[in-house]
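Please examine the sequence and the structure shown below before reading the report.

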Amino acid sequence: MRLTSTYFYEVFWKRFRRNRFAVAGGVVVLLLFVLSLLAPYITPFDPDAIDAYNVLLPPSSAHWFGTDELGRDVFTRVIFGAKISLKVGFVAVGIAVLIGTVIGLVSGFYGGWIDDVFMRFVDIMLCFPTFFLILAVIAMLEPSIWYIMIIIGLTGWMGVARLVRAEVLSIRELDYVMAARALGASDLRIIFRHILPNAMSPVLVSATLGVAGAILTESALSFLGIGVQPPTPSWGNILTSGKDYIEFAWWLSLFPGLAILVTVLSYNLLGEGIRDTLDPRLGR
Amino acid sequence: MLSYLLKRLLMMIPLLFGITIITFVVIHLAPGEPVEMQVAMNPKVSAQARQRMREFYGLDKPLHVQYVTWVARMAKLDFGRSFAPDNRPVTDKIKERIPVTLSLNIIALILEFGLAIPIGILAAVHRDTLLDKGITIFVFLGFAVPTFWLALLLMYLFGVKLSWLPISGLHSLGSEGFSPFRWLWDMAKHLILPISVAAFGSLAGLSRYMRSNMLDVIRQDYIITARAKGLSERTVIYRHALRNALLPVITLLGFSLPGLIGGSVIFETIFAIPGMGQLFYMGVMARDYPLVMGILVIGAFLTLVGNLLADISYALADPRIRHGQR
């Protein structure tokens, strides 16, 4: 058992390494984590320090990304914003993966009317324009970053549920599951011990891509003013002032947007890379 | 075909009910009562008036009764009255906004499919060449660009820097006096940026999808046969392969609808376009519950219809489904 799993990782890594784009994506994702953890040590500025004498300065050697309408350093706010975005991405996707996996497992394993009910529920949820649903719920709650993560998670599990269900349907029929059942293993043990580990690889891919999606959604919500609330910096709400000052301060719009672009791009490259590595037939 | 259509229509009924239930639950799980919100903005409302309002909206009744009356009224296309100061029926408000959003999205869809299909074919046919790699890079960038940021950049470039295009609204001031041609031209100029942004949103995914469909089809035996017969590459690709590669794309038409409608909130807010997205955003901000519920249901309903149309056109295009052997 031990031997086979290390062998799996070795082969995985060997194949993954050949995909230069995916490796680059992975490196940038790692860098972003380091950057957001070390944010207070990287920049000499306080993200919330208002400086009335240095308002809307263009990029310079002191302020790499310029300053905003309150004289705050945009570079500092972008780095601190990375932390929020990564947190939202991870927690939201964690919730979505958890719900989707459980529903997919139960649906695929038991089949019958349980499957019918869950899959119709998935169909119904997929009918709603997700962004409408998120907006409606979030605007009714008090603004809080936790609500944002939860709501993005609660509206994003359907794809995972379908993926897991499809995997379970094929794994369920394999001989080793029959063997486990013949040995008298309980449903729970079969589901979590024998089926789940083998159904997870497509979930890993969709989770990686999901982080990118959640970051995009959060930034759009913050941009519309109902996501992360100022003064807490997030890429979306910096862009809100970018819009207000678009005629005088292009740097307010350019840099936070680039940050989103690079982050989302890296997660997508990483996710696609994992997919190609796990299943070389796909994607080509 | 008829039995397929009937089955497909019957399947919509439970979905419709599900949509109304989820909308209802979502709105009523929220803390605070709709009337409280309306009252909070106007402290002069007395306790008596508050009670009258609760009765008027039926909020004093148990939840399941409220749900049933709400659905029954909706069946008659009555979504109640907006909580906004104008107090107009929600149906009227939505009715004047839907054409804007729908026509914008339909033009965007046409543009999107018109661009994505050739791009996907090009990438597939010239697979692994520099062209394909360039398209792949473009696709990945397209996936990662936040639409509202793209909108901002375009506004800055074409609106502020070059001042070629207007950046907000549908018409210029005083456009009522324009000649019909000039009026149309004025509106077209207002629409260029929003439509480009809306179309760009899913261009990347769609062209990627088209490429992989095309690659799947090209590998099949009948394509090899067609080549072996000595048909020209053009005929093979455009007459034999394209049709089958296009099939799955049809279903995507329906699926892309919720994304487009959802995305309309963003670009309509940015470009100040009086459509459903903007109405929804304003409704949400003012906690105008009847309006929000109405738009949620209609948005989901439009998606349902989109999926139905996609399935029907798929069935029309694919005899295997038309004749009921799935």
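The model is predicted: local features need pLDDT of at least 70, side-chain atom pairs count only at pLDDT 80 or more, and totals for chains, interfaces and linings use all residues. Residues are numbered from 1 along each chain as its sequence is written, chains are lettered from A in the order in which they are written, and side-chain values use heavy atoms, with hydrogens and water left out.

Helices are DSSP runs (H or I, at least four residues) numbered from the N terminus.

Ile119(B) touches Ile135(B), Phe138(B) and Ser207(B), leaving aside residues up to four places away in sequence; contact means heavy atoms within 4.5 Å. From Ala72(B), Ile119(B) is 47 residues away in sequence and 47 Å away in space, C-alpha to C-alpha.

Between the two chains, the axes of helix α6 (residues 130-140) of chain A and helix α10 (residues 233-270) of chain B come within 6 Å and cross at roughly 55°. Axes are lines fitted to C-alpha atoms over the stretch in contact, and angles run from 0 to 180 degrees between N-to-C directions. In α6(A), Phe131(A), Phe132(A) and Leu135(A) meet Ile261(B), Gly262(B), Val265(B) and Ile266(B) of α10(B).
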